[in-house]
Structure formats: structure tokens, C-alpha cells
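Subject: Structure handover

Hello,

Please find the structure below. My notes on the strands and the salt bridges follow it.

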Amino acid sequence: MKMRIVMIFSLLMYFVNVNVFGSNTQNSLNKDMKEMEIADIRLDVNVMKENYHDLLKRVIDNENTIELLENDKQYLKHEVENLKRQLSCETEVLHDITGEHQKELNETNFELNHTYSFNKRVQELSCTVDVIDNKILCLEMSKSRDSFMKCMTETGVVSICTFETKVDENCLFYDDETGLDKKNWRRHSGKTSSLNTGPSRAKTGNDYIYIKSRSMDYLENALLVSNIPKQDVKLSLSFNYHMYGSSTGTLEVIVISSGTNQTIFTRSGDQGNQWYYQKLYIQSASNLQIMFNAIDGNSSYGEIALDNIMLIADECGPQTIP
């Protein structure tokens with residue numbers, strides 16, 4: 001009897017141990033598995049965060065690259081359009097010269113050699129220079145508005161701006177007063193007051209015009225405008241420009257015709273401490289207006305200057321040698 005009681009007690013203790021301690025072991029295993037799953041999820045979340053930041057950076061870099069490419073595309077488009085206009089005018093001149101040479105060959109049956117052709121071209125260019133000198137002389141001698149208009153009719157010069165006097169009788173360009181700009185161009189001689197910016201002197205003569213960056217805010221602009229009295233004629237626009245300084249802004253030449261704006265020239269940033277010459281060809285149009293637009297940079301170290309602005313009519317027509 002005592003032996004049976006001992007066996008029953010032993011079996012009872014066995015079942016208690018199995019149920020109690022086995023359950024605790026299983027719970028511990030389940031807890032460890034849950035903690036491992038949580039650690040794996042945290043690791044995945046951290047990887048996803050890193051991938052997200054990397055992807056966001058790539059998107060921002062791509063957007064900046066696209067913006068730069070769009071700006072380059074617009075600049076190249078303007079350059080190509082201006083080159084097309086220039087080549088069109090030069091092609092017309094070459095056609096006229098070629099036709100004249102062919103006519104001379106047919107009439108005289110004279111074989112031109114390279115030396116003769118070169119000398120003839122030098123003579124033509126020399127005569128062209130004389131014509132331009134006569135135009136400038138005529139304009140300089142014009143003492144009244146009537147004589148200026150007569151001179152324009154005879155020489156084809158529409159406007160010439162030297163800025164040597166406060167009121168330039170021969171200049172048709174003026175500061176815009178319609179409110180499209182924030183500042184005006186300034187007439188000046190010698191060096192500007194800011195260091196490491198602006199020209200040290202005019203291209204020719206004593207005076208020129210410029211925008212004073214120190215008195216302008218970022219992206220403020222100054223417009224120089226001209227309504228063209230001669231309509232429906234081809235024009236050439238020539239000018240000298242100076243863009244010097246670490247924060248130089250942008251210079252544009254804009255042609256407006258019948259309410260349509262077209263930028264035919266643009267330069268941005270520091271171009272060095274020197275004057276540049278530019279010549280642009282403008283096709284005939286009605287209601288024509290030409291604008292020089294100077295946009296200020298992001299500090300006072302960058303000034304834009306202009307000198308010797310000249311408009312000549314029918315520059316693309318057949319050359320007449322006096």
C-alpha cells in the first residue's frame with residue numbers, strides 16, 4: 001500500500017513539472033522569436049529610410065540638372081536664331097556680289113586671278129569704311145533736329161548714341177518710363193565707384209552709360225528703349241558692352257514687333273574687364289521697338305555698361321560703292 005502511494009505521488013509531480021515548466025519554456029521561445037521579428041522589421045525600416053533619402057537626393061539633383069539644361073537650351077536657341085539672321089544677311093550680300101562678278105565676266109570675258117580678286121575686295125572694303133566714316137561725320141555735324149533727320153535720310157543711319165552729352169540729339173534710345181523697370185541707366189565718365197567691377201573708361205570718347213549695382217536689388221532691371229521711326233526696313237544694330245564683376249547679372253536685347261517679344265541677344269555673368277563689340281541683324285517688321293534690358297546680380301560686384309549704340313537701315317541690301 002505504501003509503495004502505491006509513492007508511485008502515485010511521483011506521477012503527480014511529473015505531470016506538474018511538465019505542465020508548468022514546459023509552458024514557461026514555450027513562452028520564452030515565443031518571446032525570443034517576436035523580438036527577432038521586431039529587430040528584422042526595424043532593420044528593414046532603416047534600409048528603406050536610407051533608400052528614400054538617396055532617392056530624394058537623386059530626384060533633387062535631376063531637377064537641378066534639368067533646369068540647367070533648359071537654360072542652356074534657351075541660350076543656344078537665341079544664339080542659333082541670331083546666327084541664322086546674320087547668315088541670311090551675309091548670304092544676300094554674297095548673292096549680290098556673285099551676280100555682279102558673273103555679269104562682269106560675261107561682258108568682258110576677263111579671267112580674274114586671285115591677286116586681282118583680292119585687290120578688288122580690299123578696294124571695296126576701303127570704300128565701305130569711307131562710307132561709314134562719311135555717315136558718322138554727317139551725324140556729328142548735325143546741329144539741329146532737322147539736319148539730323150536729313151542726314152538720316154541720306155546715310156541710312158537711324159540712330160547713333162555716343163552719350164558724350166547729357167542730351168544726345170542723334171540718339172533715339174531713352175530710359176523706359178512705363179514702369180516696366182525699377183531703375184534707370186546712368187551716364188558716367190571714368191571708373192565707377194565700386195571696386196573690381198565696371199569699366200575704367202568709355203570705349204570711345206569720355207562718357208558711357210551703366211547700371212549701378214550698389215543702388216539696385218537682386219533681379220531689379222533697367223530698360224533702354226527705342227521706337228524705330230523707319231518701319232518695314234532691315235536694320236543692323238551695333239554696340240559695345242562691358243560686363244565685369246563677380247556677381248554680374250544679365251544683358252538682353254529684345255525686339256518687340258506687333259506685341260510679340262523676341263530676345264535676340266543675351267549675356268550673363270562676368271565677361272572680364274574689357275569692352276566687347278556686337279552686331280545684330282534685325283529683319284524688317286511693323287511697329288518695331290528695340291530694348292536693352294540689364295538685370296542686376298545678387299550683390300554690388302557686377303556692373304553692366306553700354307557705349308556707341310548705332311542703328312543703320314538697309315544694311316543687308318546691295319552694297320553701293322561710291
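This is a predicted model, in which local features need pLDDT of at least 70, side-chain atom pairs count only at pLDDT 80 or more, and totals for chains, interfaces and linings use all residues. Residues are numbered from 1 along each chain as its sequence is written, and side-chain values use heavy atoms, with hydrogens and water left out.

Strands first (E in DSSP, runs of at least two residues, numbered from the N terminus, as are helices, H or I, at least four). Cys161 stands opposite Ile309 in β11. Strand β1 (residues 157–161) and β11 (residues 303–313) run antiparallel and are joined by four bridges; strands count as paired if DSSP finds at least two bridges between them. Five of the five residues of β1 are buried, so this strand is largely enclosed by the rest of the structure. Buried means under 20% relative accessible area, exposed over 50%, partly exposed in between (1.4 Å probe, protein chains only).

An open, antiparallel sheet has five strands in the order β2-β5-β10-β7-β8. β2 and β8 each have a single partner strand, so one side of each lacks a neighbour in the sheet.

The whole structure has two salt bridges (a side-chain nitrogen of Lys or Arg within 4 Å of a carboxyl oxygen of Asp or Glu). One joins Asp61 and Lys57 at 3.1 Å, N to O. These residues are four apart in helix α1 (residues 2–108), about one helical turn. The other joins Asp207 and Arg187 at 3.6 Å, N to O, linking strands β4 and β3 across 20 residues. Asp207 is buried at 11%, whereas Arg187 is partly exposed at 40%.

Regards
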